[in-house]
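Have a look around first, then read on.

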Amino acid sequence: MSSTLWTTPGQATGKAIRAAAALGGVPIELPAAYEHFVDNKKPEFLAKFAHGKIPALETADGFKLFESVAIARYIAAIAPNSGLLGQDLKESALVDQWIHLAESEVETYTGLINQLIRGIITPYNKPIHNVFAERQLRALKTLNAHLATRTFFVGERITLADVYIATIIQRAATITFDATQRAELPHLVRHSETIVNQPQVKGIYEPVTYVEKALQYVPPPKEKKEPKAAPAPAPKAEKKPKAVEKDEEEEDLVPAEPKVKNPLDDLPKSTFNLEDWKRQYSNNETRGTGGAIEWFYKNFDKDGFSVWRFDFKYNNELTQTFMSSNQIGGFFNRLEASRKYLFASAGVLGTNNDSVIAGVLILRGPDVKPVVEAAPDWESYEYKKLDLENEADKAYFEAALAWDLEIDGKKWADGKLFK
Amino acid sequence: MSITLWSTRVQGSGKTARLLNSCLTVVLILIMDGWIRAAAALGGIPIELPAAYKHYVDNTKPEFLAKFPHGKIPGLETADGFKLFESVAIARYVAALAPDSGLLGKDLKESALVDQWIHLAESEIDLYTSLIGNLIRGVISPYSKAIHTTFAQRQLRALQTLNTHLASHTFFVGERITLADIHVAMIIQRTTWVTFDAPLRKQLNHLVRHLETIINQPLFRDIFTPVAYVEKALGYMPPKKDVK
């Protein structure tokens with residue numbers, strides 16, 4: 001049973017929830033194609049979540065919840081063995097305490113400052129900006145001092161407080177938490193790096209580009225401007241915030257995704273229709289007469305598409321098979337941008353503490369990288385092109401589609417599809 | 001078991017009104033304190049207030065900072081020496097000590113909904129009550145009408161969401177009082193002194209009804225101050241010229 005989390009890949013609060021789910025082994029899925037400021041205004045979304053706000057969660061039994069901290073806490077509570085809420089009521093209260101301090105006195109001001117410098121709150125007002133920055137710094141200092149003698153915020157293990165605060169710090173590091181502050185607050189830097197690099201949350205946090213100097217207000221260009229012959233040089237672009245989008249509330253803060261034409265669209269037209277394949281696969285038996293594999297061999301265009309085996313590189317780090325399954329789900333979620341070019345089937349093979357992740361990809365073009373690099377963690381997997389004329393490759397391909405693959409005696413335990 | 005709650009105490013609306021005029025931050029503290037004590041009263045947890053706590057004096061002393069490094073109240077210390085700050089964390093802890101009170105709902109899902117409504121009211125209503133209060137009193141300066149308006153609009157959006165929810169619910173979660181009701185009522189009470197004026201109250205009548213219901217619970221009588229609404233949302237109050 002899986003829950004759906006409405007968020008966007010860049011949303012900080014969504015990352016905290018996804019990380020909590022990954023650590024707790026709670027399966028969550030992201031909706032196939034959520035478009036922020038469009039889908040959350042639709043009546044069907046508002047019928048579920050009246051405030052029209054993301055992140056928002058819907059569980060398999062129809063329970064609906066919004067507000068990021070509430071969701072993260074709920075996810076942590078349904079995985080009590082994860083220890084994410086501490087070992088007892090007191091630790092749980094301390095988890096709440098640190099999250100609340102970081103949210104109300106760090107994250108709030110990251111949001112407000114960001115909106116001021118990007119002209120979402122206008123007019124820009126430097127003294128107000130300074131007041132917000134001072135308030136934020138006071139809380140950062142308290143957090144840093146606490147970490148001077150501790151690895152984690154509460155107790156001796158990762159809790160939700162660590163996940164949440166690391167996420168908040170990562171976001172601040174792109175706006176206010178600059179080199180000067182980082183030199184002054186080294187424990188916070190160490191802590192947040194430790195948390196976001198935990199193997200379980202790999203792929204949720206993209207590598208952060210720390211600001212050298214806290215971002216400042218950039219006045220909008222005057223409307224009547226002489227067209228300049230030479231475009232502005234690079235250093236200016238570095239400071240410029242990513243395309244200004246409507247940002248009406250802190251929880252909505254998501255970096256704009258640049259709309260770049262995908263080079264895969266420029267490949268010569270192919271006779272193989274990936275969408276048709278996905279339908280065939282979903283609607284028919286995989287093997288046998290009239291099955292999806294039969295259809296595939298009849299229609300496949302090996303010039304326009306290629307078929308790949310992929311294997312997880314860190315199988316020795318896998319523990320519970322349901323967590324491994326979650327790992328695949330996360331990878332597939334992050335491949336979202338390549339949905340037009342990719343079909344994938346993958347499985348967890350083996351048993352708890354002795355499992356591997358392997359699967360098969362059918363993708364546009366002759367190379368794997370342009371398609372899978374949409375997922376920041378694509379390099380956690382090894383890719384090998386399959387030759388369907390080769391019997392061994394062919395057998396692997398069919399078994400990975402039919403979910404009866406076996407590797408070194410490890411049997412298929414759980415599978416996921418990307419379609 | 002008894003608990004010490006480091007905070008300030010105020011009684012009577014007159015005193016509240018005077019404090020409000022002099023320093024909104026203190027009122028914030030009083031109110032946050034108020035709802036923690038209300039939660040404790042309902043759950044039957046005895047809570048003591050320190051005999052003579054003086055805000056901005058005692059919380060800057062080394063012995064206080066040794067207990068609560070952020071120097072912030074409310075701060076809680078239990079008989080066995082456990083220390084906690086941040087109002088929501090304290091209230092949630094106190095409520096969890098009294099599971100029969102139902103303050104956190106009757107199961108995990110209700111408990112998550114309690115968190116949801118508290119978080120919404122805190123981050124989208126109370127935050128702006130504070131910021132608007134800071135702006136109109138010159139705590140954040142210079143005053144900017146445009147920013148004030150932005151904050152008020154954001155607050156209104158959340159007020160409307162809460163009001164709509166209450167149109168078909170007596171309480172925020174389930175059929176009984178939870179921490180969400182207490183917390184949201186206190187946040188709304190704070191707005192009645194700053195932004196929640198007569199036209200808004202007419203538009204958001206379910207929130208008014210809810211506030212009055214919670215505040216008038218017999219258990220809370222000694223803790224909360226009677227509701228005193230602003231007729232018109234407070235505007236900027238330019239500082240008085242220094243006349244010697």
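The crossing of α4(A) past α4(B) is right-handed. Keep in mind that all of this comes from a predicted model.

Who does the touching? On the α4(A) side the contact is made by L89(A), K90(A), A93(A), D96(A), Q97(A) and H100(A). On the α4(B) side you'll find V88(B), A89(B), R92(B), Y93(B), A96(B) and L97(B). Sort the residues of this contact by class and you get seven nonpolar, two polar and three charged.

## A glutamate with neighbours in both chains

Stay with helix α4 of chain A for a moment, as E105(A) sits in it. Is E105(A) buried or exposed? Its relative accessibility is 12%, and buried means under 20%, so E105(A) counts as buried.

Leaving aside residues up to four places away in sequence, E105(A) touches R135(A), Q136(A), R138(A) and A139(A) in chain A, plus H70(B), K72(B) and E86(B) in chain B.

## A helix pair inside chain A

Now for a pairing within one chain. Helix α1 of chain A (residues 12-24) packs with helix α3 of chain A (residues 68-77) at an angle of about 5°, and their axes are 9 Å apart. Angles under 35 degrees count as roughly parallel, which makes α1(A) roughly parallel to α3(A).

From α1(A), the contact uses T13(A), I17(A), A20(A) and A21(A). The partners on α3(A) are S68(A), I71(A), A72(A) and I75(A). Six residues in this contact of α1(A) with α3(A) are nonpolar and two are polar, with no charged ones.

## Stepping back to chain B

What does chain B look like as a whole? Its secondary structure comes to nine helices and four strands. Follow the sequence along and the pattern goes β-α-α-β-α-β-β-α-α-α-α-α-α.

Chain B has 244 residues, and 57% of them are buried. Its accessible surface comes to about 10,400 Å², with 57% of that belonging to carbon and sulfur atoms. As for contacts in chain B with a separation of 6 or more, 71% of them are between residues 24 or more positions apart.

Technical notes: Residues numbered from 1 in each chain as written. Chains lettered and ligands numbered in written order. Predicted model: local features only at pLDDT ≥ 70, side-chain atom pairs only at ≥ 80, totals over all residues. Heavy atoms only, no water. Left-handed = near helix turned anticlockwise from the far one by under 90°. Helix = DSSP H or I, 4+ residues; strand = E, 2+ residues; numbered from the N terminus. Contact = heavy atoms within 4.5 Å. Nonpolar A, V, L, I, M, F, W, Y, C, P; charged D, E, K, R; others polar. Buried < 20%, exposed > 50% of the residue type's maximum accessible area, 1.4 Å probe, protein only. Areas by Shrake-Rupley, 256 points an atom, 1.4 Å probe, with all protein chains shown as cover. Axes fitted to C-alpha atoms, helices over the stretch in contact; angles between N-to-C directions. Parallel < 35°, antiparallel > 145°, perpendicular 65-115°, else oblique.
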